[in-house]
Amino acid sequence: MPRQMHFVGFCVAGPTWHNNGAWRHYESDALQSLEPERYETIAKVLEEGKFDGLFIVDVQTLFDTYAGNFEANLRQPGQMYLLEPLQVLAIMARVTKHIGLSATISTAFLHPFYIARSFATLDHLSRGRAAWNVVTSANDREAQNYGFEKLMEKSLRYDHADEVLEACHRLWDTWDEGALVLDRENAIWADPSKVHYANYEGEFVKTRGPLQTPRSPQGSPVIMQAGSSDRGRQFAARWAEIIFTLQHQKSDMQKFYTDVKSRVEAAGRNPDHCAILPAIDVIIGETESIAKERAEYINSLVSPRLGVAEISNGIGIDLSQYDLDQPLSDMEISQGARGVFDVILQGSQGKTLRDAGRSWAENQMTPQLVGTPKMISDHMHDLFESRACDGFVVSPSLSPSSYIQFVRSVVPELQRRGVFRKEYTGATFRENLRSGL
């Protein structure tokens, strides 16, 4: 089969996603953030577009970094995380048949036994469409919600995550293929000889097993991951089947692609079994000028102050101490997630903190593609053919209308070019993901 693109939809179980003013737009479904029908609609739209999967981003805290309170993050809702992802995905599974369903779960707080059982359950309920977006967490406020003073030292988080993945896989393998017999006539529910203890013990993690949940259709969920550091890439090379990444320039995408694929091969895995998908934010119009006008209006709804508060959350430093009109070049930031701030500083010559807040508020540094379906398809096609990616994580400015436009205009154009599937060919998420890589 010729190489084909793969798409995963970016979702948040909250009012807005990358654009913090999107909830104010008349097309937005943000006011239905707590309603199951909202998430059912999103899943059905993406399955209509033959997306490989969707994933729900999650952080387990209500942010209060900016000014030490919730005011900035509640008066206007930025990227908030209202609902627990696995339960939302179970709702989505009931109205779809093909699309993969990925939940963000941190390795920092939950025991591998609970994680393994949860994803085995989702894989059964979705008939083989479960995926796990693995994160190690980066905010001590999340740890405090679970009764810990702070997160594990940064240098140890991926070591701990490796053990969590090892333990989960050991647990998923406690039921062999064919262990579930279901023979009424001979009164055999399961073959005990095909069920085993896990007996996993590492430096950080210990579990006895076996799972009481039988082996699921995929055996284990598809693994997603978004680490970009050297240690994160090493972790991805060992485990990831989908890598969610963020670069703006084609040359940077190509460097990342080549580096990670070589690491996957060095880890003894098939590089074609790891899809590298950079994020894009798409705004579509019938003409280029209409698309630009649409983008200008959507972006006019954002709050720069909330954008600065969201940057504070991202880097772990309270930026309320700085004047919004202070030049970025005058700010000395030496603590927190300095790498995030370095990204913000790119191209910041002459810009103020307010300017950075507005830029972050519009798309959280995700490349915003604005144009006609053909223009957007041309850009995506070029990146794909240039081996800068294997497809894309598609993030809508507006939910669900941006997805609907993408599915009904960009997808048919890419199908016409023969670089995107017209039908699902696999029975599971993993089978569809590996098809055409």
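Predicted model: local features only at pLDDT ≥ 70, side-chain atom pairs only at ≥ 80, totals over all residues.
Author: Residues are numbered from 1 along each chain as its sequence is written, and side-chain values use heavy atoms, with hydrogens and water left out.

Reader: What makes the contact between glutamate 71 and arginine 75 a salt bridge?

Author: A salt bridge requires a side-chain nitrogen of Lys or Arg within 4 Å of a carboxyl oxygen of Asp or Glu. For glutamate 71 and arginine 75, the N to O distance is 2.6 Å, so the pair meets the definition. Both residues lie in helix H2, 4 residues apart, about one turn of the helix. Helices are DSSP runs of H or I with at least four residues, strands are runs of E with at least two, and both are numbered from the N terminus.

Reader: Why is arginine 75 called exposed, and what is glutamate 71 called?

Author: Buried means under 20% relative accessible area, exposed over 50%, and partly exposed in between (1.4 Å probe, protein chains only). Arginine 75 has 63% and is therefore exposed, whereas glutamate 71, with 28%, is partly exposed.

Reader: Which parts does the salt bridge of glutamate 241 and arginine 434 tie together?

Author: The side chains meet at 3.9 Å, N to O. Glutamate 241 lies in the loop between helix H7 (230-239) and strand E10 (242-245), and arginine 434 in helix H15 (residues 429-434), so the pair ties together parts 193 residues apart in sequence. Glutamate 241 is buried, because its relative accessible area is 7%; arginine 434, at 37%, is partly exposed.

Reader: What makes a set of residues a nonpolar core?

Author: The members are buried Ala, Val, Leu, Ile, Met, Phe, Trp, Tyr and Cys residues joined through side-chain atoms within 4.5 Å. The largest such core has 86 residues, and Phe7 and Trp132 are among those that touch the most other members. Helix H6 (residues 154-172) supplies the largest share of this core, 8 residues. Apart from it lies another core, of 17 residues, including Ala72 and Ile311.
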